[in-house]
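Reader: I would like to go through a model feature by feature. Please give the general idea each time, and then the case at hand.

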Amino acid sequence: MPAASGARHKSKCKEAKSMSYLTLKDINKIYPNGFHAVHNFNLDIDKGEFIVFVGPSGCGKSTTLRMIAGLEDISNGEFLINGKRANELGPREREVAMVFQSYALYPQMTVFDNIAFGLTLQGVDEEVIEEKVKNTARILGLTDYLDRLPRALSGGQRQRVAIGRAIIRKVGVFLMDEPLSNLDAKQRVTMRSEIAQIHRETGATTIYVTHDQTEAMTLADRIVVMKDGYVQQTGTPYELYHNPVNVFVAGFIGEPPMNFIRARVKGGRIPFGPNTLDVASRLGNKAAQYEGKEIVFGFRPESIELGAREDAYQVSAQVELTEMLGDNANVYITAGEDKAILKVDPHDTPEIDSSIIFSIPYGDVYLFDGETEKVIERVLEKSR
């Protein structure tokens with residue numbers, strides 16, 4: 001199951017009136033060499049919402065963010081800020097603040113001066129700057145570091161300074177492009193919770209880009225999954241996890257990823273190694289339509305149970321490898337030529353090379369069209 005979203009409960013902060021809502025209508029990005037990076041991107045973003053763009057490298061998520069920021073021209077389509085066309089506005093006119101992957105701090109400036117830089121350029125009174133910097137430092141846990149230079153800080157602390165420089169401006173929209181990718185695993189976990197806390201305190205409309213689905217699931221109010229420049233699905237973490245619209249989303253959201261068995265339907269059944277599974281009842285009135293055609297049988301590693309149980313598919317398999325992860329274990333199995341990963345209680349981990357039977361509850365099975373890779377039936381939504 002995905003972790004609960006830290007950003008999901010919107011803050012009723014005093015700065016709410018400065019938040020912006022955004023509309024992207026049929027946004028396209030086509031470069032001079034003809035490369036079509038983003039295709040017909042459509043999205044409405046509410047005030048104070050935390051939106052995450054997620055997908056593999058090259059999917060168009062950062063390009064879309066840069067078009068919102070005004071750092072890339074929009075080839076076709078319309079971008080609105082608070083209902084007003086913003087295509088032709090420069091970055092400063094859009095009232096957005098951006099946090100980059102590289103921190104982009106001034107090495108010769110103290111933490112205080114880095115955070116204050118934007119306000120200093122605007123000619124804000126020194127007393128106001130000091131008050132705002134100290135308040136921002138308090139939110140970010142940087143109060144004791146204001147006199148230090150960036151080189152004296154850890155990666156996580158430097159990223160907090162970069163975030164502080166953005167949020168002190170009280171703009172309508174915060175944009176974050178892979179802000180945690182330069183941190184180690186422990187720092188990423190810490191910074192995820194800190195970003196969620198900052199969002200609760202500021203209530204800012206935020207768009208966050210990442211290739212890490214764990215970041216997306218833990219931070220987002222809604223997630224936009226992209227592939228090859230196209231939006232695959234937009235929804236809450238719960239919706240994307242339980243009701244993926246296609247094989248790509250189903251495999252991208254979840255850790256370990258969903259297992260997929262490609263097989264041709266024969267007599268209403270498909271082979272899964274030495275087993276044959278009845279899918280006709282799952283296909284419902286489409287069973288005849290898929291007879292003789294390939295489907296994709298999907299199930300999540302955590303949905304299975306070891307042993308045989310009623311109201312479930314029962315599969316015989318061999319254990320190839322196990323991974324102990326503390327609170328759970330991953331079990332890699334083979335069933336004939338088919339392979340899958342099972343997520344089990346570490347106390348029930350089977351021995352390597354042993355034969356096992358595991359069960360997949362009917363309500364946890366997903367069937368996808370083998371040609372289009374789209375989910376076949378909404379009846380396959382996870383049972384509640």
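Reader: Is Phe-117 buried, partly exposed or exposed?

Author: This is a predicted model, in which local features need pLDDT of at least 70, side-chain atom pairs count only at pLDDT 80 or more, and totals for chains, interfaces and linings use all residues. Residues are numbered from 1 along each chain as its sequence is written, and side-chain values use heavy atoms, with hydrogens and water left out. Buried means under 20% relative accessible area, exposed means over 50%, and partly exposed is in between (1.4 Å probe, protein chains only). Phe-117 has a relative accessible area of 23%, so the residue is partly exposed.

Reader: How many aromatic pairs are found in the whole structure?

Author: Rings of Phe, Tyr and Trp (its six-membered ring) pair if their centres lie within 6.5 Å; planes under 30 degrees apart count as stacked, over 60 as edge-to-face and the rest as tilted. The search finds twelve aromatic pairs. One of them joins Tyr-106 and Phe-117, with ring centres 4.7 Å apart and planes at 45 degrees, so this pair is tilted.

Reader: Which parts of the chain does the pair of Tyr-106 and Phe-117 tie together?

Author: Helices (H or I, at least four residues) and strands (E, at least two) are DSSP runs, numbered from the N terminus. Tyr-106 lies in the loop between β6 (96-99) and α2 (111-121), while Phe-117 is in helix α2, so the pair ties together parts that are eleven residues apart in sequence. Tyr-106 is partly exposed, at 32% relative accessibility. Another aromatic pair, Tyr-366 and Phe-368, is stacked, with 6.4 Å centre to centre and 15 degrees between the planes. Here Tyr-366 counts as buried at 5% relative accessibility, and Phe-368 is buried with a relative accessible area of 0%.

Reader: Which residues do ring pairs link into a cluster?

Author: The cluster consists of Phe-272, Phe-297, Phe-299, Tyr-313, Phe-358 and Tyr-362.

Reader: How many salt bridges are found in the whole structure?

Author: Side chains of opposite charge can pair when their charged atoms come close. A salt bridge is a side-chain nitrogen of Lys or Arg within 4 Å of a carboxyl oxygen of Asp or Glu. The search finds eleven salt bridges. Among them is the contact between Glu-194 and Arg-160, 3.2 Å from N to O. Glu-194 lies in helix α5 (residues 185-202) and Arg-160 in helix α4 (residues 155-167), so the bridge ties together parts that are 34 residues apart in sequence. Glu-194 is partly exposed, with a relative accessible area of 22%, whereas Arg-160 counts as buried at 11%.

Reader: Where in the chain are Arg-262 and Glu-294?

Author: The side chains of Arg-262 and Glu-294 meet in a salt bridge of 3.1 Å, N to O. The pair links distant parts of the chain, with Arg-262 in strand β11 (residues 259-264) and Glu-294 in strand β14 (residues 294-299), 32 residues apart. Arg-262 is partly exposed at 39% relative accessibility, and Glu-294 is partly exposed at 29%.

Reader: Over which ring does the charged end of Lys-29 sit?

Author: A charge sits over a ring if NZ of Lys or CZ of Arg is within 6 Å of the ring centre and within 35 degrees of the ring normal. The charged end of Lys-29 sits over the ring of Tyr-31, 4.9 Å from its centre. Lys-29 is also linked with Arg-66 and Glu-72 in a network of salt bridges. Likewise, the charged end of Arg-300 sits over the ring of Tyr-241, 4.3 Å from its centre.

Reader: At what angle do α2 and α4 pack?

Author: Axes are lines fitted to C-alpha atoms, for helices over the stretch in contact, and angles run from 0 to 180 degrees between N-to-C directions. α2 and α4 pack at about 30 degrees, with their axes 7 Å apart. Angles under 35 degrees count as roughly parallel, over 145 as roughly antiparallel, 65 to 115 as roughly perpendicular and the rest as oblique. α2 and α4 are therefore roughly parallel to each other.

Reader: Which residues does a cis peptide bond join?

Author: Most residues other than glycine have a negative phi, and most peptide bonds are trans. A cis bond joins Glu-255 and Pro-256, with omega about -5 degrees. Pro-256 is in the loop between α8 (247-252) and β11. As for phi, Asp-26 is not a glycine but has a positive phi of about 50 degrees. Asp-26 lies in strand β1 (residues 22-30).
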